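Here's a quick briefing to keep beside you while you turn the model around on screen.

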Protein chains: 2
Amino acid sequence: MAKTAEEIAQALNVSITTVRLVLTNKAEQYRISPATQKKVEDYVAEHGYTLNYTARSLRMKKTYTLGLVVPRLSNPFFAKLSEKLETRCRQEGYQLMTSCTYGDEAYENRLVKALEERNVDGIFIAPTSKKSQEHHVKHRKKPLVFLDRDFGSTLPNIAAIVTDNLDAGFTLTDAMLRQQPSPVHFFAGNPTLPTIVARMEGYRQAITSVEKRREDDLISCSPYDAIDDGELMMNAFIDRHGCTPKALIASSLTVMEGALFAVKNRLGAIPPEMNIGTFDEYVMLSFLTNSVWSMRQDKEALAANAFNAMEEQIAGRPKFGLQVCRATLMSPLS
Amino acid sequence: MAKTAEEIAQALNVSITTVRLVLTNKAEQYRISPATQKKVEDYVAEHGYTLNYTARSLRMKKTYTLGLVVPRLSNPFFAKLSEKLETRCRQEGYQLMTSCTYGDEAYENRLVKALEERNVDGIFIAPTSKKSQEHHVKHRKKPLVFLDRDFGSTLPNIAAIVTDNLDAGFTLTDAMLRQQPSPVHFFAGNPTLPTIVARMEGYRQAITSVEKRREDDLISCSPYDAIDDGELMMNAFIDRHGCTPKALIASSLTVMEGALFAVKNRLGAIPPEMNIGTFDEYVMLSFLTNSVWSMRQDKEALAANAFNAMEEQIAGRPKFGLQVCRATLMSPLS
DNA sequence: CTGAAAGCGCTAACAG
DNA sequence: CTGTTAGCGCTTTCAG
């Protein structure tokens with residue numbers, strides 16, 4: 001068991017201060033005699049010393065701990081994002097505490113409260129709804145950075161880092177239309193999410209230039225962004241049209257998984273001529289014989305920008321506003 | 001900003017203890033007068049109060065925080081596992097701090113040290129190597145539970161929760177052989193990992209009953225359990241045999257991803273007649289036209305057992321030893 | 001160069 | 001029923 005500074009001091013018959021000075025590498029600065037320095041160092045080398053962050057935090061009112069609240073880690077996008085963010089935080093000496101909301105507002109609020117009680121220095125949140133986002137800004141006692149989602153609250157002083165989903169939606173749709181001009185359908189899971197709204201809007205902008213059809217024929221919606229929703233939409237589609245879409249964009253990887261799952265169940269296989277477009281790429285999608293377009297979100301940049309925004313807020317010079325990261329098109333041709 | 005107990009006491013002209021008693025719901029027990037009780041409650045209702053866990057932790061020498069150290073969250077298995085574990089911890093009032101090692105021993109040790117400094121009450125680890133596992137048990141100052149991997153250290157008093165990988169390897173191989181008796185190949189990423197060793201051993205037991213071939217012809221190995229390794233093994237296989245395996249088991253989902261990626265790159269598509277077997281199932285794999293067998297690990301049970309083991313250690317009545325959870329076969333027929 | 005002391009907000013024990 | 005006190009291990013400030 002590593003000792004506390006006081007224990008070391010007693011064992012060595014020097015004052016606590018002296019010990020601390022060498023432990024915090026201020027020995028030179030305070031010109032501790034090399035002899036005592038060595039004494040302490042040797043003792044530590046043998047018995048070890050681990051700084052007690054709890055005590056330190058209490059005194060300094062700073063825990064070097066940050067919170068991250070995401071919908072679910074089983075979503076590969078959030079898994080990757082939190083991986084990146086954790087690495088970045090650690091580089092700067094911060095521990096990250098990650099929790100999942102499962103899309104439950106009330107639970108999300110409890111998570112945030114739990115993090116505040118733990119005196120985290122700040123919290124990253126991918127909020128579930130506009131309501132929950134506003135709840136957080138209204139009750140915030142800590143630096144707050146919204147990640148991936150910003151519901152465009154009317155409240156001021158919000159820092160949010162998101163992907164340029166409108167551009168992503170447009171670019172994706174446009175690329176698919178170049179390949180095959182016939183209808184490209186869109187399955188939207190939870191159309192209240194700003195990410196989805198933006199992607200749909202990009203889709204619309206690209207589609208209306210070539211297609212005059214009523215949107216109802218092209219866009220399916222489902223209340224949640226879960227695998228079941230993708231399944232439901234696909235089943236409804238097949239029931240109605242008697243076939244799978246010629247080309248399909250899903251609003252998220254999860255929805256695409258549900259949709260393809262339904263196809264596989266109904267038809268026994270995924271028709272290879274069905275063109276697929278999605279956000280949040282995942283290797284396995286490319287194993288299909290289908291042509292797959294996907295927008296790769298820049299998780300690295302999202303994490304880096306989010307951390308920077310957090311650091312600035314912690315330092316007391318917050319830079320509020322929306323920061324946008326671009327996604328890049330992964331096309332089946334390249 | 002929520003007040004501290006002392007601030008409330010001053011504002012209300014009662015003693016700190018009185019305030020704390022009602023805050024900790026011990027008002028009844030100590031028969032605080034309803035009047036003062038109400039006074040405090042009203043004040044809290046208006047101004048709020050958030051318990052300072054840092055101070056509490058310092059005093060109680062207990063943080064209600066646990067650490068989790070895994071190779072990477074971008075591995076869907078660990079993402080799901082940490083999701084389950086986080087939920088379970090929270091149910092019991094614990095916060096979980098998750099970090100990724102990226103398979104780096106030195107970094108892993110630093111992560112554990114960082115968690116100890118934060119005074120976590122215990123640490124879950126999926127260790128990178130036998131060496132790192134032994135390092136942790138040797139230097140442990142906290143309850144320790146190994147997750148998913150146990151290198152079978154000779155040191156005593158280890159608690160580990162793992163999947164029955166030998167059985168999983170056997171069951172998987174056996175099922176595939178029933179379908180198609182010709183050679184079933186095995187791609188092993190990082191054959192020093194106990195999970196992989198056990199899966200290979202299960203494979204061997206199943207295979208030797210029907211096949212007399214030299215193992216070299218059937219098993220490929222690569223030093224790491226990463227996507228590149230799967231790719232390398234597949235490329236080598238194709239170079240040597242001029243074709244893809246008739247049936248392939250990969251030691252992990254990651255390796256399978258790499259292998260299929262190589263196939264797709266070399267041949268333009270995954271030959272549909274290639275039978276696929278893997279551990280750690282993932283929906284998307286089932287979208288292939290290939291027959292896919294997979295062993296579904298019981299992440300729920302792993303998380304629950306790990307948490308229980310941790311709780312027992314924290315309570316001072318450790319139950320050491322290996323706890324095994326069974327995986328279930330997902331066959332293409334069902 | 002080294003030492004002493006205050007105090008972060010809480011819990012626990014004891015004193016009225 | 002309510003109040004006082006010590007002390008968790010650290011940082012910070014002031015005194016030698």
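A:Asp280 sits in the loop between strand E9 (275–279) and strand E10 (292–296) of chain A. Keep in mind that this is a predicted model.

**Positive phi**

- Most residues other than glycine have a negative phi.
- A:Asn119 isn't a glycine either, yet its phi is positive, at about 60°.
- You'll find A:Asn119 in the loop that runs between H6 and strand E3 (122–125) of chain A.

**How H2 and H3 of chain A pack**

- The axes of helix H2 (residues 16–23) and helix H3 (residues 34–47) of chain A come within 10 Å and cross at roughly 75°.
- Angles of 65 to 115 degrees count as roughly perpendicular, and H2(A) and H3(A) are therefore roughly perpendicular to each other.
- On the H2(A) side, A:Val19, A:Val22 and A:Leu23 make the contact, and they meet A:Gln37, A:Val40, A:Glu41 and A:Val44 in H3(A).
- Sorted by class, that contact of H2(A) with H3(A) comes to five nonpolar residues, one polar and one charged.

**Where chain A meets chain B**

- Chain A puts 59 residues in contact with 59 residues of chain B.
- About 5000 Å² is buried between chain A and chain B, and carbon and sulfur atoms give 60% of that area.
- A:Arg118, A:Met284 and A:Phe287 supply 15% of the area chain A buries against chain B, more than any other three residues.
- What about polar links across the interface of chain A and chain B? The rule finds 27 residue pairs in polar contact, both residues at pLDDT 80 or more, but zero salt bridges.
- Elements giving two or more residues to the side of chain A that touches chain B include helix H4 (53–60), strand E2 (95–100) and helix H12 (253–267) of chain A.
- H5(A) gives the most to that side, with eight residues.
- By class, the residues on the side of chain A that touches chain B divide into 32 nonpolar, 16 polar and eleven charged.

Terms used:
Residues numbered from 1 in each chain as written. Chains lettered and ligands numbered in written order. Predicted model: local features only at pLDDT ≥ 70, side-chain atom pairs only at ≥ 80, totals over all residues. Heavy atoms only, no water. Axes fitted to C-alpha atoms, helices over the stretch in contact; angles between N-to-C directions. Helix = DSSP H or I, 4+ residues; strand = E, 2+ residues; numbered from the N terminus. Parallel < 35°, antiparallel > 145°, perpendicular 65-115°, else oblique. Contact = heavy atoms within 4.5 Å. Nonpolar A, V, L, I, M, F, W, Y, C, P; charged D, E, K, R; others polar. Buried area = accessible area lost by both parts, 1.4 Å probe. Salt bridge = Lys/Arg side-chain N within 4 Å of Asp/Glu carboxyl O. Polar contact = N/O pair within 3.5 Å; in protein donor to acceptor, adjacent residues only side chain to side chain.
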